[in-house]
Amino acid sequence: MPVQRLNHAVLYVRDVSRSVAFYQEALGFRVVQAFPGAAFLQAEGSSNDHDLGLFQIGAQAGPSSAGRATVGLYHLAWEVDTLAELDRIAARLTEMNALVGASDHSTTKALYAKDPDGLEFEVSWLVPAGLLTDEILDGRTQIKPLDLAKELERYGAETRGGIGVSV
């Protein structure tokens, strides 16, 4: 049977409590299990046992050099159902000084942020399959800055995405 989707991710962090607080505030995750040095969080709309595991390795840990000096994971991407939710998260990440970029990949609208340890993640909304056109599909060859206000006007705040190019 083929892989269906990513079930969860696990990150090494300097301080579990700090990271838990960040993911709770930024993305609304909730703790489903914790013990000294580790926590398991679940996204609000998730049916997974957990979506994110955090393991503490201590304040002495150096920054990740993945992508600069070593191979490694670039980022995780979480999907939201509506552009209204993407807009809300963009505002929250901006307030937290965590937002580092926003891109229009034509079929997906993406925010990029960094957690307290500098680990990057993406939050994205996918254009629904029923709204995909040849122009949108052809637009995947270039990445543009995200104009979220324009996308909200184009697709509507409550249009449910999520199938996009996965169909």
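## A predicted chain with a VOC annotation

An unreviewed UniProt entry annotates residues 5-126 as "domain: VOC". Positions from UniProt are given in the numbering used here, feature names are shortened, and annotations may be inferred rather than shown by experiment. This is a predicted model, where local features need pLDDT of at least 70, side-chain atom pairs count only at pLDDT 80 or more, and totals for chains, interfaces and linings use all residues. Residues are numbered from 1 along each chain as its sequence is written, and side-chain values use heavy atoms, with hydrogens and water left out.

### Overall build

The protein chain holds 4 helices and 9 strands. Helices (H or I, at least four residues) and strands (E, at least two) are DSSP runs, numbered from the N terminus. Their order from the N terminus is β-α-β-β-β-β-α-β-β-β-α-β-α. The radius of gyration of the protein chain is 17 Å, close to the 15 Å from the globule rule for 167 residues, so the chain is as compact as a globular protein of that length. That radius is taken over C-alpha atoms, and the rule is 2.2 Å times the number of residues to the power 0.38.

The C-alpha trace spans about 50 × 40 × 35 Å along its principal axes. Of the 167 residues, 40% count as buried. Buried means under 20% relative accessible area, exposed over 50%, and partly exposed in between (1.4 Å probe, protein chains only). Within the annotated stretch, residues 5-126, the chain is 20% helix and 37% strand. The end C-alpha atoms of that stretch are 15 Å apart.

### Helix H2

Helix H2 covers residues 83-95. At 1.5 Å a residue, its 13 residues should span 18 Å, and the end C-alpha atoms are 18 Å apart, which agrees. The expected span is 1.5 Å times one less than the number of residues. Leu-83, Leu-86, Ile-89, Ala-90 and Leu-93 are the buried residues of H2. Seen down the axis of H2, they fall within an arc of 115°, so they line one face of the helix. The arc is that of the directions from the helix axis to the C-beta atoms.

These buried residues pack against helix H1 (16-27), strands S6 (99-104), S7 (108-114) and S8 (120-126), and helix H4 (148-155). Contact means heavy atoms within 4.5 Å. Asn-97 follows H2 with a positive phi, near 55°.

### Helix H4

In H4, the buried residues are Leu-148, Glu-151 and Tyr-155. Down the axis of H4 they fall within an arc of 60°, so they line one face. Ala-149 and Glu-153, on the other side of H4, are exposed. The buried residues of H4 pack against H2, S6, S7, S8 and H3. Just after H4, Gly-156 has a positive phi of about 90°.

Glu-151 touches Leu-83, Asp-104, Lys-109, Leu-146 and Gly-156, not counting residues up to four places away in sequence.

| Residue | Relative accessibility | Class |
|---|---|---|
| Glu-151 | 1% | buried |
| Ser-103 | 15% | buried |
| Gln-142 | 46% | partly exposed |

Ser-103 sits in strand S6. Ser-103 touches residues including Thr-108, Tyr-112, Ile-143 and Leu-146, not counting residues up to four places away in sequence. Gln-142 is in the loop between helix H3 (134-138) and strand S9 (144-145). Gln-142 and Asp-104 are 38 residues apart in sequence and 8.7 Å apart in space, C-alpha to C-alpha.
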